[in-house]
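Good morning, and thank you for the time.

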Amino acid sequence: MAEHILGMGMRESVREIISMGEAQLAKVEGMPRRLVALSGDLDVSADRPEYSGPFTSYTLKFHVENGITEKVDAVLKDYPGLCEAHAEDSVYTIKCPATEEGADSEKVDEAVDALSKCIKLKEIWRVHGENFRIDPISVELLFKAMVAYKASDVHLTPGIPPVFRVDNETRNSDIMPPLSAAQIRAMIKNICTTGEWQEFEEAHQTSFNYHQMGLGYSRVSAFVKGGAPHCTFRYLPETIPSFEDLHIPAETMKELAKLHHGLVLVTGMTGSGKTTTVAALVDWINSTKTCHILCIENPVEFVHRNKRAIVSQRNTGKDVRNFNEAVTASLRHDPDVIVIGEMRDPDTIRSAISAAATGHLVISTLHSNTASEVINRIISFFDPVERDLVRLQLRDSI
């Protein structure tokens, strides 16, 4: 239950406070059935029967001060039987309406507005929500929708239904009601390992692979934004697509796959298909060559089964601490092909270039908008004194 401190300015009614607080909570945690706002000695709570729509009942608690009691009693006389009030230990509690049955919503709103004028409302409020939606999110339904929509990703964000990425555009859906932070958090905990959940709790982010049997795999990225959990699924089919499926030049890819040593880089912007292209390349090698393919990924995405080759997939963080250590140690594992999920730091790049220069075929990905930027991007990771040596190594390995 997160607390939000909101500067709302001077307002005439606590109903405005509740409405403004709801708008903020909806963006961060989802829609609550109960909202509580605190400011000084004033405690306001509002309830409703559903997760959306107007609040139907209000409870106000405040300390009795000179003059306030008389004003409040006068308002209550104007709305006989509508509200319930009692005082205890100098705290005045008013519930409006006293009972939900037969209550006139317009009269309730009028009474709450009139009571608000008896109390000096403050500018700054501490707001939190209660009774958020907690029914489990169907991960199977998300996968079925990704397959049906031919979506590459689905984004789970509190306050809105799942959002799918189709043809590189985000599209809203109505397959589920707006989600709550509690639902997303519970789902993340349910689909990850104990270690991955601990990482999420401590670092506020984690990535892992999830298998929805019969529908596909997914690279799941869970993170915290504004104190609330968010989650993205990247869809990966169970069957690895071929070069023809991806509409990429098959003969060119086969020539690359037949190399015995060197550095093959698949580059492009985020979402351009780098990982899928590498998977297709590895699958062709796996299907046609008797060799050992060692894959180092974070997390493991496409799952390769042994065909003609032996495929060893290592997950950094689980099977080995980091990319650099995995690449360095890989030379002792008798690999013919080394696949690095991403070249993301100088140590990993240096190890990859060294492995390629010593007679191995190294395949990896790199974020780059154009092919001409690749060399400059790699060299930019290194200190000026190292750059000439890296240029020479690249010339020999690419």
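What you see is a predicted model. I begin with the largest nonpolar core, which has 34 residues; the members that touch the most other members are Ile-18, Tyr-58, Phe-62, Val-72, Ile-94, Trp-125 and Val-127. At least two residues of this core come from each of H1, E2, E3, E4, helix H2 (68-78), E6, H3 and E7. As general background, nonpolar side chains in soluble globular proteins tend to be buried together.

Take Phe-62 as an example. Leaving aside residues up to four places away in sequence, Phe-62 touches Asp-41, Leu-42, Ile-68, Val-72, Ser-90, Val-91, Tyr-92, Ile-94 and Ile-119. There is also a second, separate core, with 27 residues, among them Phe-143, Leu-156, Phe-200 and Tyr-235. I shall return to Phe-143.

Let me turn to the sheet. It is open and antiparallel, with 7 strands in the order E1-E7-E2-E3-E4-E6-E5. Strand E1 (4-7) and strand E5 (84-88) each have a single partner strand, so one side of each lacks a neighbour in the sheet. From one strand to the next, the twist averages 20°.

Two helices deserve mention here. Helix H1 (residues 14-28) lies across E1, strand E2 (32-39), strand E3 (42-47), strand E4 (57-63) and E7, at about 120° to E2. Helix H3 (residues 105-116) also packs on the sheet, where it touches E4 and strand E6 (91-96), and its direction makes about 160° with that of E6.

Finally, the aromatic residues. How many aromatic pairs does a search of the whole structure find? The search gives 6. In one of them, the ring centres of Phe-143 and Tyr-210 are 6.0 Å apart and the planes stand at 50°, so this pair is tilted. Phe-143 belongs to helix H4 (residues 139-149) and Tyr-210 to strand E11 (residues 205-212), so the pair ties together parts 67 residues apart in sequence. Phe-143 has 0% relative accessibility and counts as buried; Tyr-210, at 18%, is buried as well.

Phe-143 also pairs edge-to-face with Phe-233, at 6.2 Å centre to centre and 80° between the planes. This pair again links distant parts of the chain, as Phe-233 lies in strand E13 (residues 228-236), 90 residues from Phe-143. Together, Phe-143, Tyr-210, Phe-233 and Tyr-235 make up one aromatic cluster. Thank you.

Conventions: Residues numbered from 1 in each chain as written. Predicted model: local features only at pLDDT ≥ 70, side-chain atom pairs only at ≥ 80, totals over all residues. Heavy atoms only, no water. Pairing = 2+ DSSP bridges. Helix = DSSP H or I, 4+ residues; strand = E, 2+ residues; numbered from the N terminus. Axes fitted to C-alpha atoms, helices over the stretch in contact; angles between N-to-C directions. Contact = heavy atoms within 4.5 Å. Core = buried A, V, L, I, M, F, W, Y, C linked by side-chain atoms within 4.5 Å. Buried < 20%, exposed > 50% of the residue type's maximum accessible area, 1.4 Å probe, protein only. Phe/Tyr/Trp six-rings, centres within 6.5 Å; stacked < 30°, edge-to-face > 60°.
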